[in-house]
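You asked for a read-through of this model before we discuss it. My notes are below, point by point.

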Amino acid sequence: WHEMRIRKFKKNFLFGAATSAYQVEGGWDADGKGESIWDKYVHENRNVVADGRNGDVASDSYHNWQRDVQMLRELGVDFYRFSISWPRVLPNGLSNEVNEAGFKYYDNLIDELLKYEIQPMVTLYHFDLPQALQDLGGWANPLSITWFEDYARVIFKRYAEKVKFWITMNQPNTICIEGYAGGGMAPGLSLEEGGAYECVKNVLLAHAKAYRLYEKEFEKEHQGNVGISIAVNWFDALVNTTENVEATERAREFEFGIYLNPIWGKEGDFPAIVKSIVDKKSKEQGFKTSRLPKLSAAEVKLLKGSADFLGMNHYTTFLVEPGTTKYESPSIEDDRNTKYSQGPEWKPGKSSWLKSAPYGLYKACIYLNFNYDYPPIIITEHGWSTGPGLGDQSRVDNMRAYLGALLLAIEDGTDVKGYTAWSLMDNVEWTAGTSERFGLYEVDFESESKTRTARLSALVYKHIIESREVEDNWAPSSLKIEITKNEKKNNNYKGEL
Ligand SMILES: CCCCCCCCCCCCC/C=C/[C@@H](O)[C@@H](N)CO[C@@H]1O[C@H](CO)[C@H](O)[C@H](O)[C@H]1O
């Protein structure tokens with residue numbers, strides 16, 4: 001049996017590519033930039049980065065921004081998702097001290113993008129908190145809500161005229177669970193007694209405050225869209241037993257429901273199952289109050305509906321069963337009590353957690369539709385890791401399979417507005433350094449200028465963007481990539497998404 005129907009992305013579907021500041025910029029202390037939590041983390045823990053290549057220089061986009069835009073033009077993308085390094089523009093994190101030299105970098109990048117009709121999609125926060133704010137408790141301190149709101153105001157004021165797509169936060173679960181509960185991300189804390197859940201609450205409220213700020217002071221004049229990016233990998237029962245199905249529900253609610261429900265849930269607030277588990281365990285553990293902080297009625301209201309789109313970061317699928325070992329208590333692992341594995345037949349990427357299971361993207365989309373009432377979605381990250389080398393056929397296969405699954409999800413009613421390939425170029429994959437390559441363009445990290453060269457996947461992605469179609473058998477005649485003349489850009493940027 002062979003599926004003959006040809007599915008196409010609509011003309012106004014947006015295609016983009018993404019990076020983040022710490023992962024590509026380098027210039028970690030250039031021109032008055034303040035220290036970030038990642039700078040401190042990698043400098044104080046010299047062996048924490050797998051191959052020793054940290055973000056000090058990275059892909060050196062701080063100096064290569066013109067080449068970066070040239071690559072985006074070669075691909076023919078509609079938008080570029082990048083993040084602003086908070087300590088580059090506000091070195092101590094607060095708005096009393098502004099680093100004009102740092103802003104100049106983003107001025108140049110944004111102007112260059114607009115010159116070629118590539119829309120900037122700006123992430124305000126992608127894991128690199130100013131260390132000065134971490135010294136005050138970081139996201140575990142409720143003052144972080146105001147710090148972020150003030151930072152957002154500075155950025156909106158400067159760029160609202162030019163930027164129509166905003167993402168407040170990238171992946172609160174990575175920020176809080178991996179950063180504050182022993183997950184190996186900066187600042188490398190283990191605040192299992194409650195700090196990680198405080199972080200979740202504060203990050204969500206900081207997002208909502210920034211959203212409401214834009215809504216009140218900028219939206220009318222500038223007509224931009226503000227969303228948040230959440231890691232929505234798929235979680236399926238390992239086998240269909242009651243215990244596995246219950247464990248799978250816990251996995252979904254702890255991994256992404258805890259962030260989605262306050263914004264898109266019918267009643268708002270944290271998911272009932274998360275509240276009841278953590279409240280009950282906290283009591284048993286002798287805590288006077290739950291380790292999961294409450295959201296007041298006013299906070300529930302502030303959060304509900306605080307996004308114009310859901311930024312969905314999707315990479316892979318996990319199979320779930322109940323935990324099989326006794327986890328440390330108290331801990332989030334113990335609260336969730338799940339064990340994850342992946343299909344033995346799924347093709348592996350270079351990252352240990354990354355296996356190709358495109359059906360998971362389809363199922364995740366349908367789940368979001370049913371549980372959160374068809375939210376407008378932009379896939380703000382999807383990608384594949386390899387080793388070095390230009391012939392990245394496995395990335396091509398993965399991209400085609402996932403875009404095929406996405407087309408099916410769209411056909412079945414999912415409101416997907418756009419897709420973002422992670423990543424435009426090889427970069428510093430956090431503690432994996434450059435040992436896992438996610439780029440459509442290879443970066444030669446040994447070269448002085450961090451030379452970028454198009455991979456096979458760059459040419460295939462370019463062809464998909466041009467044809468709006470996923471053709472399994474298409475292959476370029478060479479790896480030479482050129483800017484297509486008379487590029488006609490999507491113009492769906494103002495007003496309603
Ligand atoms: C050996 C297989 C057994 C499976 C057991 C798995 C154990 C679970 C461990 C979970 C690890 C987390 C996996 C999820 C990762 C992604 O969602 C996450 N990396 C996405 O974040 C973005 O990733 C990009 C590429 O990795 C990029 O780094 C970007 O900055 C992030 O936003």
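1. **Confidence.** This is a predicted model. The mean pLDDT of the protein chain is 97. Of its residues, 97% reach 70 or more. The ipTM is 0.95 and the pTM is 0.98.

2. **The barrel.** The fold contains a closed barrel of 8 strands. Their order is S1-S2-S3-S4-S5-S7-S10-S11, and the pairing is parallel. From one strand to the next, the twist averages 25 degrees. Helix H7, residues 144-159, touches strands S3 (119-125) and S4 (165-170). Its direction makes about 160 degrees with that of S3. Helix H11, residues 242-264, touches strands S5 (225-231) and S7 (309-313). The angle between the directions of H11 and S5 is about 155 degrees.

3. **Strand S1 and its partners.** S1 covers residues 14-18 and runs parallel to S2, residues 79-83, with 3 bridges between them. Ala 17 has Tyr 80 as its bridge partner in S2. With S11, S1 pairs over 5 bridges, again in the parallel sense. There, Leu 14 is partnered by Gly 418.

4. **Burial of S1.** Is this strand enclosed or open? It is largely enclosed by the rest of the structure, because 5 of its 5 residues are buried. In a regular strand, side chains alternate between the two faces of the sheet. In S1, Leu 14, Gly 16 and Ala 18 point one way. Phe 15 and Ala 17 point the other way, and all are buried.

5. **The ligand site.** How many residues surround the ligand? There are 16, and the closest are Gln 23, His 126, Asn 170, Asn 233 and Glu 429. Some polar distances are worth checking on screen. A side-chain N or O atom of Asn 233 is 2.8 Å from an oxygen atom of the ligand. For a polar side-chain atom of Trp 430, the distance to a ligand oxygen is 2.9 Å. For Gln 171, it is 3.0 Å.

6. **Thr 174, linked to Gln 171.** The side chain of Gln 171 also makes a polar contact of 2.7 Å with the side chain of Thr 174. Thr 174 lies in helix H8, residues 172-180. It counts as buried because its relative accessibility is 6%, under the 20% cut-off. Leaving out residues up to four places away in sequence, Thr 174 touches Phe 127, Gly 179 and Met 185.

7. **Phe 127.** Phe 127 has a positive phi of about 80 degrees, although it is not a glycine. It sits in the loop between S3 and helix H6, residues 131-134.

8. **Ala 58.** Here too phi is positive, at about 50 degrees, in a residue that is not a glycine. Ala 58 is in the loop between helix H2 (37-44) and helix H3 (61-75). Its relative accessible area is 5%, so it is buried.

9. **Cis peptide bonds.** The bond from Ala 186 to Pro 187 is cis, with omega near 10 degrees. Pro 187 is in the loop between H8 and H9. Trp 422 and Ser 423 are also joined by a cis peptide bond, with omega about 15 degrees. Ser 423 belongs to the loop between S11 and S12.

10. **Thr 431.** This residue is in the loop between strand S11 (416-422) and strand S12 (441-443). Is Thr 431 buried or partly exposed? It counts as partly exposed, because its relative accessibility is 23%. Beyond neighbours within four places in sequence, its contacts are Trp 38, Tyr 41, Val 48, Val 49, Ala 50 and Gly 184.

11. **Leu 213.** This residue is in helix H9, residues 195-217. Not counting residues up to four places away, it touches Glu 149, Ala 152, Arg 153, Phe 156 and Phe 218. Leu 213 and Phe 156 are 57 residues apart along the chain, yet their C-alpha atoms are separated by 9.2 Å.

Methods
Residues are numbered from 1 along each chain as its sequence is written. Side-chain values use heavy atoms; hydrogens and water are left out. Two strands pair if DSSP finds at least two bridges between them. Helices (H or I, at least four residues) and strands (E, at least two) are DSSP runs, numbered from the N terminus. Axes are lines fitted to C-alpha atoms, for helices over the stretch in contact, and angles run from 0 to 180 degrees between N-to-C directions. Contact means heavy atoms within 4.5 Å. pLDDT is the predictor's confidence in each residue, from 0 to 100. A residue is near a molecule or strand if one of its heavy atoms lies within 4 Å of it. A polar contact is a pair of N or O atoms within 3.5 Å; within protein, one must be able to donate a hydrogen and the other to accept it, and residues adjacent in sequence count only if both atoms are side-chain atoms. Buried means under 20% relative accessible area, exposed over 50%, partly exposed in between (1.4 Å probe, protein chains only).
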